[in-house]
Amino acid sequence: MTDGEFGSEFDGAFGGEPGSAGGRAGPTRGEQAGEGRGDPFDEALALANATAPARVRPETEAGAGAGADPTTVRVPYATRETAAPRSSSTTGGGGDIPYTPDDPFSLDDPAACGNGRSSSSRPSSTPSTPRSPGHSGSSDPSGPGDPPAPTASGPRPTPSALPWHIARDIAERAVPGPPAPETSALGDALGRTLAAPLTALTDLPSFDTSAMDGWAVSGPGPWRLDHLAGASEAGPLPGILAGHAPTEALHDGHAVPIATGARVPPGATAVLRSEHGEVRELSDGGRRLYAPQPAPPGQDIRPRGQECRRGDQLLPAGALVTPAVLGLAAAAGYDELTAYRRPRAEVLVLGDELLDHGLPQDGRIRDALGPMLAPWLHALGVEAAAPRHLADDADTLYAAVAESTADVVITTGGTASGPVDHVHPTLRRLGAEVLVDGVAVRPGHPMLLARLAPHRHLVGLPGNPLAAVSGLVTLAEPLLRTLAARPPAAPYRTPLAAPVHGHPQDTRLVPVAYREDERHGLTAAPLRFHGPAMLRGIAAADALAVVPPGGAERGTELELLELPWSAGWSPVSSTGWTAPGDA
């Protein structure tokens, strides 16, 4: 199945009405792209690769008539240095134009977006890593057959940034679906997505079971207490224990002690709880059980098949395998599950200025992204080893990307066009297909997505911490979700607790925390310290609010992107909602 044929079971992830299982809060791709312009996905790909048709008004062409067709110009990626259009929202260096936000939650947010470098902006005069004399392609660390690093011929003009929703959809559709499912032991399936419905292999419970410690009774009381076959007549009655099947039927007017979870003997009509019965000694040495209230038929008995019958569907394909799902599968008789494997990601942290321990010193800063990205990916159900730190060297980056076997390579920093920003040259050297090259979002504008091979991709995150988070939720999360066959979270909107200033043209992603409001109920409170290089706001956040261009006033309902660790507290679960039939 090709990218263009991505449909059937995955169609719900990309369309549908807002509020439906497959819907999306906010503008659709058609709304973003405008009516009558063809497939916005194809147009966005062409725009990202600088091959979009250059539409020229017919009346402006020499000799063109009123009905002349627009001129089409297609430019390959390798020649974009001289042909790609500059974005109206970017500077020539590939960074972001500053703007002055006046929202009260931004005390020191000079630009509301990170640049393409690492956790701290680097002066453009920083020299690139020196090469030894006589360096050639034959000394490339990846082998003599690899192409040499291209020679820079000036700054790389930044292509037009894609609208935020379209960029997310491209990432979601970058692969036609997950790889083939695998069958594994129960414990190994945790965090994966079921590839087939979970169908009960047995009735649950598989026999009539006592729900309480007490006595299994037959008919109305009082009841004569019986000794089990083989039990001593002296001492306390042992009764029926869990894991032991009774061998004798219980006669009318008789009772026998029983433990919780034990199989109810044939002939029993109810279970009388131990706290509701009284045992009295008889003159003939026997014992009789009395109860102040009658024991109606079926009392405290879990009947066979109460939860499900054999063959019932317990969970649909696509359900996430949680610890509770493992328990249900085991109870239903499963030793193995067939599920889609977790995607594998490799994180490459770029930058000579980064320290992995101690305090910042001598112009170097602590790496904030390495400790954050791997756990974040794990929370998304992705397998990711410890991040690798790479020096600012083109050959080193080329070798690391070329040799990686991960489904997705994630780089931090180096996505702009500074002297040590090597991501774009590396992609050209690898012959990669760029799907997204810049997104109209703040922070995080210089993010990118590229296809390295049919089933391998690279996500380039900006180096500033909050800008990298923006790239993670915009491009990496939708791509990895498709690879893991996970459905998108149900979209929802929450009113703002305070106004938020917007960028003039771009979407903003602003950290918010849930707060209760007397007028609006559950609201999203914008947090301070949300500059591109700051993590203080996102560390205290429950979600990211998607702020449209121009901003939003207090009480405006905005789309929220919940963070993986706060997904349990959503507007649905925070307003007292209970499922039908729940007590």
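**Exercise 1. Describe how helix H6 and helix H9 pack against each other.**

Solution. Helix H6 (residues 370–379) and H9 pack at an angle of about 30 degrees, and their axes are 12 Å apart; here axes are lines fitted to C-alpha atoms, for helices over the stretch in contact, and angles run from 0 to 180 degrees between N-to-C directions. The next step is to classify the angle, and H6 is therefore roughly parallel to H9, given that angles under 35 degrees count as roughly parallel, over 145 as roughly antiparallel, 65 to 115 as roughly perpendicular and the rest as oblique. The crossing of H6 and H9 is right-handed, a word used if the near helix is turned clockwise from the far one by less than a right angle, while anticlockwise gives left-handed. Met372, Leu373, Trp376 and Leu377 of H6 make the contact with Pro465, Val469, Leu472, Val473 and Leu480 of H9, where contact means heavy atoms within 4.5 Å. Sorted by class, this contact has 9 nonpolar, no polar and no charged residues; Ala, Val, Leu, Ile, Met, Phe, Trp, Tyr, Cys and Pro count as nonpolar, Asp, Glu, Lys and Arg as charged, and the others, Gly among them, as polar.

Before going on, note that this is a predicted model, in which local features need pLDDT of at least 70 and side-chain atom pairs count only at pLDDT 80 or more, while totals for chains, interfaces and linings use all residues. Residues are numbered from 1 along each chain as its sequence is written, and side-chain values use heavy atoms, with hydrogens and water left out.

**Exercise 2. Carry out the description for H7 and H8, and state which classes of residue meet in their contact.**

Solution. Helix H7 (residues 394–403) and helix H8 (residues 423–430) pack at an angle of about 55 degrees, with 10 Å between their axes. H7 and H8 are therefore oblique to each other, and their crossing is right-handed. On the side of H7 the contact is made by Ala394, Asp395, Leu397, Tyr398, Val401 and Ala402, and on the side of H8 by Val423, Thr426, Arg429 and Leu430. Divided by class, the residues of this contact are 7 nonpolar, 1 polar and 2 charged.

**Exercise 3. Decide whether Thr412 and Val321 are buried or exposed, and place each of them.**

Solution. Thr412 is in strand E20 (residues 408–412); helices (H or I, at least four residues) and strands (E, at least two) are DSSP runs, numbered from the N terminus. Thr412 has a relative accessible area of 2% and is buried. Beyond its neighbours within four places in sequence, Thr412 is in contact with Leu348, Val349, Leu350, Leu369, Leu373 and Leu461.

Val321 is in the loop between strand E13 (313–315) and helix H5 (323–331), and at 1% relative accessibility Val321 counts as buried. Although Val321 and Ala189 are 132 residues apart in sequence, they are 6.6 Å apart in space, C-alpha to C-alpha.

**Exercise 4. Examine the backbone at Pro205, Pro222, Ala485 and Phe529.**

Solution. The peptide bond from Leu204 to Pro205 is cis, with omega near -10 degrees, and the bond from Gly221 to Pro222 is cis, with omega near 0 degrees. Turning to phi, Ala485 is not a glycine, yet it has a positive phi of about 60 degrees; with 12% relative accessibility Ala485 counts as buried. Phe529 also has a positive phi, near 60 degrees, in a residue other than glycine, but Phe529 is partly exposed, with a relative accessible area of 22%.

Definitions and conventions:
Buried means under 20% relative accessible area, exposed over 50%, partly exposed in between (1.4 Å probe, protein chains only).
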